[in-house]
Number of protein chains: 2
Amino acid sequence: MKAEIISIGDELLIGQVINSNQAYIAEKLNSVGIFGDKMTTVGDDEGEIFSAFQKAYASHDVITVTGGLGPTHDDITRSVVCKFFQTDSIINEEALENVKRVFTRLKSVPRKINEDQALVPRGCVVIQNRLGTAPGYFFERDKKYFIVMPGVPYEMKAMMDDFVLPFFMKQTTGLVIRHRTLKTTGIAESFLAEHIGDVHQLFSPDSGLTLAFLPSSLGVRLRITAKAKSADEAEKKIQDVETKLRGKVEKFIYAAGEEELESTVGSLLKDRRLRIALAESCTGGLIANRITDISGSSEYFERGIITYSNESKIDELGVPSELIGSHGAVSREVAEAMALGIRTVSGADIGISTTGIAGPTGGSQEKPVGLVWIGYSDNDETIALQFNFGGGRRIIKERAAQAALELLRRKILKIPG
Amino acid sequence: MKAEIISIGDELLIGQVINSNQAYIAEKLNSVGIFGDKMTTVGDDEGEIFSAFQKAYASHDVITVTGGLGPTHDDITRSVVCKFFQTDSIINEEALENVKRVFTRLKSVPRKINEDQALVPRGCVVIQNRLGTAPGYFFERDKKYFIVMPGVPYEMKAMMDDFVLPFFMKQTTGLVIRHRTLKTTGIAESFLAEHIGDVHQLFSPDSGLTLAFLPSSLGVRLRITAKAKSADEAEKKIQDVETKLRGKVEKFIYAAGEEELESTVGSLLKDRRLRIALAESCTGGLIANRITDISGSSEYFERGIITYSNESKIDELGVPSELIGSHGAVSREVAEAMALGIRTVSGADIGISTTGIAGPTGGSQEKPVGLVWIGYSDNDETIALQFNFGGGRRIIKERAAQAALELLRRKILKIPG
């Protein structure tokens, strides 16, 4: 089956918003064997939207539409959908209940324009919105599927995951495509490629397998793709390549799939009943924020202290002021004292610290922007490692947080540096 | 003039890459009075590309094309462009020199496939590529402009900035378009719309002005767009609408343009020489992370403590354990004690605290997931406000952090609740 992905919204056409919905929908449809072969974006204009619907419907089996379902005057997608399917709008009771529930939670009462969010085209299957007020619409007509969802990314994603994908998973036959991504960090793309060597030692060119290197500022992802007649066969092919890859670069791989490093580390800590505490300077709370993005992190995250001032390093962590005076706040000695200090103060099993120069100001010849020391302390040792990160302020913070979590992972697993 | 923005590449269609080129091109064209009214993405397929060219050419004055100009077998854009304009390819000497220069810099020698990058459609104006090897093509035919550029974002951007925009800047005489975005938070889209009232009280339907509501999980942006004969006139129209809008909803507007709330708050603190400290529970470091994303934040951010455990609330902030026992950690009383505690411990002027249930587990009938108390303490008062946020764990954290920063903004500006 072939899909066209239609996005609606003037904010996209003027370039105010980068359209990330397209890629999400394409990737997800792809995972159930539906190939997105066209993407179209039009504004909040009846004629343009109608014409886009007509062209897509004439040439594709699956059409997804996002955007223009909000409550205000410029949201016209519902009325164009009704016109396109020559139907009218009716109130969907479940969607109306949902609107009321949302407003009750906000300790407020929906007005008419909010209640109108529960209007849906007569004859569609309604996709309920568990994260917002506008429901989605699902049409199956002439052996074609026409799916309308809100443009708000997390609302759309929930509908894709809860409704659209499970539906197509049942429908699709023929060739299946499977992907598996192995996430690495702490190694550059070219070194990783060198460790892996010739990919055609891993699989033959006509095996239906491919391997892609996807670098980002936080690490390189390795994506294995397999095409096969069945999901089982594709999975088996992927498993085979994964095993070979792990034989070569296992220690750099912290996760498979979409798992984040904070989740990997969280599971390791939980399994071993270890508790950690953080003393962050240059990362400014980013490590704690990532760790606490994981549900259940209160089991292993004891506390974090963001010691931005020298006084707070001294007061909260017991870093000797002489140490800061003689070595500077950005130094091996202070990083170690911070890691040891937070472990001692909190009573946690492991202390992690960061101190560095995130920039763009504050650098010097000797201690340039991007210099970061990351400290680690447990019952057996207290150490600090030096890093020199490139990028702007946010990228440096992100890279330092990633390196700190990776250091934690390797220490827990006793992977030699 | 109306533009269609065409993107070519299988990597876009499978959702591997988020298409940021579209938004960049749209925004830049917009700034010289060319309105992108359609965006289309097709794969590396001759028929699809040709058909997209035909449709775009039939209905638009300006067509931009990016992608498919690389050296490998799947890059077919040049040959389709030649077919479309019924011409052939010739070597462009300047582009060939550039290819050789790039390879010299890489201490390497170009192969045939690299030298072929210097092939261009006969009859086009060549846009040289100062950051890569593939040149762009510029056609002016039938009063239409057809522009082909590489898909590599920074190469495309350099061509837009160096060649395309200066060209159109000279050409466009007619209407110019200007936008201004006002960012609000802490008020739902429908209430904001109600406060603003009938938009045609702000401007008449034929004034060339429009107002769009752009909601997200962190607030609603109001985008004013003006079309006018000159930039000055457009700016004046926008200023007029902005003044009227501010008259109605000033207190909800925290920034204009792309400024983030942490930046607004940072400037306010800096101007008033106030220092803050944070005691975060459910936001887990996110507020500190946002504050420290701003360069120079060390001037006003004293420290932050992430008190995830009850012990840390007691140890670090001096929250009485009886208070946690009788009211629970998620309560007005504890939020207030945390805000007061962090202010006292740190010696900062203002203390901010968060305590809540980010979920997905840990909620109860009485204290459901999404319940968050935000505390504020200064020399005059210590208070806490209750919020009930929807969404998953991360969205709840984000909304709580946004609400905390907004509370801080309103307190500094003495805006009544």
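Ala404(B) touches Thr283(B), Ile287(B), Ile352(B), Thr354(B) and Ile374(B), leaving aside residues up to four places away in sequence, where two residues are in contact if their C-beta atoms, placed from the backbone, lie within 7 Å. Ala404(B) is also, together with Ala404(A), Ile374(B) and Ala400(B), one of the residues with the most contacts inside the largest nonpolar core, which has 109 residues. The structure is a predicted model, in which local features need pLDDT of at least 70, side-chain atom pairs count only at pLDDT 80 or more, and totals for chains, interfaces and linings use all residues. Residues are numbered from 1 along each chain as its sequence is written, while chains are lettered from A and ligands numbered from 1 in the order in which they are written.

**Cores and burial**

- A nonpolar core is a set of buried Ala, Val, Leu, Ile, Met, Phe, Trp, Tyr and Cys residues joined through C-beta atoms within 7 Å, and a second, separate core of 43 residues includes Ala52(A), Ala56(A), Ile127(A) and Met156(A).
- A residue is called buried if 20 or more other C-beta atoms lie within 10 Å of its own, exposed if 12 or fewer do, and partly exposed in between, with C-beta atoms placed from the backbone; buried residues make up 47% of the 417 residues in chain A.
- In chain B, Ala52(B) sits in helix α3 (residues 46-59), and Ala52(B) counts as buried because it has 23 C-beta neighbours inside 10 Å.
- Not counting residues up to four places away in sequence, Ala52(B) touches Ile6(B), Thr40(B) and Val42(B); Ile6(B) is 46 residues from Ala52(B) along the chain, yet their C-alpha atoms are separated by 7.7 Å.

**Overall layout of chain A**

- Chain A is divided into domain 1 (2-171), domain 2 (176-256) and domain 3 (262-412), with bounds that come from an automatic or database domain assignment.
- The centres of domain 1 and domain 2 of chain A, taken over C-alpha atoms, are 35 Å apart, and the C-alpha trace of chain A spans about 80 × 60 × 40 Å along its principal axes.
- The secondary structure of chain A comes to 15 helices and 17 strands; helices (H or I, at least four residues) and strands (E, at least two) are DSSP runs, numbered from the N terminus.
- Among contacts in chain A between residues at least 6 apart in sequence, 66% join residues at least 24 apart.

**Helix α15 of chain A**

- The expected span of a helix is 1.5 Å times one less than its number of residues, so the 20 residues of α15(A) (residues 393-412) should span 28 Å, and this agrees with the 29 Å between its end C-alpha atoms.
- Helix α15(A) is mostly covered, since 14 of its 20 residues are buried, and just after this helix Lys414(A) takes a positive phi of about 55°.

**Where the chains meet**

- In the contact between the chains, 61 residues of chain B meet 63 residues of chain A.
- On the side of chain B that touches chain A, the elements that each supply at least two residues include α2 (21-31), β10 (209-216) and α15 (393-412) of chain B, while the largest share, seven residues, comes from β2(B).
- The residues of that side of chain B divide into 23 nonpolar, 26 polar and twelve charged, where Ala, Val, Leu, Ile, Met, Phe, Trp, Tyr, Cys and Pro count as nonpolar, Asp, Glu, Lys and Arg as charged, and the others, Gly among them, as polar.
- Strand β14 (residues 301-306) of chain A runs antiparallel to β14(B) and is joined to it by three bridges, and two strands are said to pair if DSSP finds at least two bridges between them.
- Within this pairing, Ile305(A) stands opposite Ile305(B).

**Backbone details in loops**

- A cis peptide bond, with omega about 0°, joins Gly359(A) and Pro360(A), and Pro360(A) is placed in the loop between β15 (350-356) and β16 (371-377) of chain A.
- In chain B, the peptide bond from Gly359(B) to Pro360(B) is cis, with omega near 0°.
- Lys143(A), in the loop between β7 (136-141) and β8 (144-149) of chain A, has a positive phi near 60° although it is a residue other than glycine, and Lys143(A) is exposed, with 7 other C-beta atoms within 10 Å.
- Gln86(B), in the loop between α4 (77-84) and β4 (89-91) of chain B, has a positive phi of about 50° without being a glycine, and Gln86(B) counts as exposed with 8 C-beta neighbours inside 10 Å.
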